[in-house]
Amino acid sequence: MSLYFDAAAILTAPSAGGSFKSRIYSARNLRASPAQIYALITEASKWDRVLADVIEKADILSVERKLTPLLALLLVYDHLLSKKGIAAPAAHPLRQAVERHKVRLKAEFTKARVRRGCATVEQFKTAVLREKREADGTAHFVYPRWVRVNNIRSSLEKQLSTTFADYQRVDTLAALAPAEDERTKLKLLYLDPNIPDLVAVPFGADFTSSPAYKNGEIILQDKASCFPAYLLLGDRGFKDAWQGDLVDGCAAPGNKTTHMASLLAKQQKQKKPRKQIFSMDSSKVRSKTLQKMVSLAGADPMVTVLQGQDFLALDPMDSQFEDVSGLLLDPSCSGSGIVGRDDVPQLTLPQPKVVKSSKPNGKKRKRGAEDHDEPEESSSNVTMGQPSAAPSDENDIPSGTIDNDRLTKLSNLQARIVEHALSFPNATHVTYSTCSIHLIENEAVVARLLASDVAKERGWRLLRRDEQPEGLRKWKHRGVRRDRDMETGVESEESESVAALSEVDLEACLRCWSGDAEGLGGFFVAGFVRDSEGAVTEPAKMKIKSDHDNGNAEGDVTDESNEDEEWDGFSD
Ligand SMILES: C[S@@+](CC[C@H](N)C(=O)[O-])C[C@H]1O[C@@H](n2cnc3c(N)ncnc32)[C@H](O)[C@@H]1O
């Protein structure tokens with residue numbers, strides 16, 4: 001069974017470059033043989049669309065809670081297409097989870113073959129490969145490799161004349177997608193128009209051996225992930241540089257913390273850096289990566305890392321936070337916006353159904369109990385042993401069925417975390433972001449926050465589009481009132497939740513979607529600002545204090561907090 005877990009770990013691991021094959025062969029901590037893992041992934045990826053469809057139609061993910069979409073795809077590939085079947089003992093629960101549905105799976109697979117007019121599996125394979133090649137023609141240009149220049153150690157100008165000296169500038173993202181045979185040879189570079197110091201290069205570019213990457217002069221960070229720090233710190237210059245302290249409350253592996261530090265360094269070019277950012281993560285394991293990232297980026301003089309610190313347990317009234325004026329919150333989320341990356345085969349995964357039922361058989365899913373042999377939260381770092389976090393490291397791919405109960409729990413926790421941020425007495429700017437596409441985790445959380453007591457009492461509102469930093473003002477994808485139908489890209493009239501936000505507030509929210517020409521996954525960010533700066537009003541102060549004393553920032557989610565400990569979303 002380790003074969004499937006190892007393959008899943010490889011596919012979800014940080015991807016800082018190198019050929020896919022060499023990364024498998026150089027990976028540590030694998031139990032199965034690299035040759036077997038490589039064969040499984042490459043063969044399964046040829047059939048991904050068909051298998052995803054078969055798994056969805058057989059509807060096994062909503063009953064087999066131990067199966068993640070990725071594990072299901074790999075196991076069903078071996079079950080249906082490899083001579084020896086699933087490489088695990090017959091009694092293994094995951095093997096049984098697939099084989100219990102062998103009749104449905106076989107029937108759906110046969111239907112898929114017949115639909116394509118194929119008499120044999122060989123013919124079917126040829127047809128499937130042709131379909132995949134056609135689909136790939138568009139898939140590749142959409143996902144370039146994004147590279148952010150770190151102003152603490154370098155500058156865009158310096159990198160353009162060193163690391164990217166022999167790169168040819170192109171005017172569009174689409175131009176980064178040359179024909180398949182040229183893809184890895186051409187050195188093309190696109191300067192991003194929305195985020196300062198961000199460039200895109202073809203997805204196969206490898207920086208692992210470049211001095212700039214090893215020294216932390218460049219950081220591999222997705223474009224969408226750069227929105228929050230830029231929205232918070234804006235286009236300030238030397239004269240109006242950010243003055244107060246900053247908090248990154250959910251910070252590991254550290255991309256947004258180091259981005260904040262880079263923006264500060266640029267604004268304060270001449271000044272001696274001072275400790276200005278408190279950066280924390282409740283996970284001790286992930287905090288170690290955070291600390292490594294901060295050091296690699298040269299941000300130690302600016303960042304205090306609070307390892308294993310729960311943001312909700314910070315006392316906003318503590319004197320060490322009295323100068324905190326900006327907070328960035330990027331809490332755990334469903335990860336539903338995450339897409340595959342770079343030279344790792346792009347797998348189309350079966351979509352878990354969003355179901356209404358909450359607790360199958362009355363049992364709750366427990367991490368560490370039921371899931372003891374799933375890849376560990378941190379396995380992606382451990383497996384590849386990269387010196388810094390890569391884009392795919394910020395979150396994991398969704399596992400299991402994302403049902404409405406889970407989304408509700410996540411959104412409660414997200415709202416609690418941001419509400420806590422709004423209660424810092426001298427805070428004037430807060431950003432909230434997720435890599436989820438679900439309205440309930442995004443616009444609906446924002447609407448709840450705007451309606452909260454602390455927001456009303458302290459005068460928090462959204463940072464309007466016309467007030468946003470120039471690059472983000474130009475960004476055209478804005479908040480939605482209803483969940484989108486992902487196939488048509490249109491807001492669904494059937495969507496159960498409707499965001500109670502004004503048109504101006506929807507315009508203030510920024511969205512990214514996968515599958516369009518922007519080259520990003522799904523992402524959401526909104527900025528909160530406070531007009532009435534200064535001291536907290538007395539009633540608000542008392543409310544904040546009593547909430548804190550009760551260990552609760554929002555009354556109606558008290559009961560959720562224990563449950564949140566059991567399953568708190570995708571976070572690496
Ligand atoms: C989406 S990830 C953050 C990614 C990070 N902002 C970056 O850009 O690299 C969410 C993180 O929040 C952490 N987290 C969740 N709840 C938390 C809490 N109450 N306090 C502190 N950290 C928390 C998780 O451990 C996880 O590492």
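These legends describe close-up views of a predicted model. In this predicted model, local features need pLDDT of at least 70 and side-chain atom pairs count only at pLDDT 80 or more, while totals for chains, interfaces and linings use all residues. Residues are numbered from 1 along each chain as its sequence is written, and side-chain values use heavy atoms, with hydrogens and water left out.

**View 1. A cis peptide bond joins A252 to P253.** Its omega is near 5°. P253 lies in the loop between β6 (245-248) and α12 (255-267). Helices (H or I, at least four residues) and strands (E, at least two) are DSSP runs, numbered from the N terminus.

**View 2. D59 and its positive phi.** D59 is not a glycine, yet its phi is about 50°. Its loop runs between α4 (48-58) and α5 (69-81). D59 is partly exposed, at 25% relative accessible area. Buried means under 20%, exposed over 50%, and partly exposed in between (1.4 Å probe, protein chains only).

**View 3. W47 and F124 form an aromatic pair.** The whole structure holds 10 aromatic pairs. Rings of Phe, Tyr and Trp (its six-membered ring) pair if their centres lie within 6.5 Å; planes under 30 degrees apart are stacked, over 60 edge-to-face, the rest tilted. Here the pair is edge-to-face, 5.1 Å centre to centre with 80° between the planes. W47 sits in the loop between α3 (34-46) and α4, and F124 in helix α8 (residues 121-142), 77 residues apart. Both W47 and F124 are buried.

**View 4. R484 has its charged end over the ring of W513.** The distance to the ring centre is 3.9 Å. "Over" requires NZ of Lys or CZ of Arg within 6 Å of the ring centre and within 35 degrees of the ring normal.
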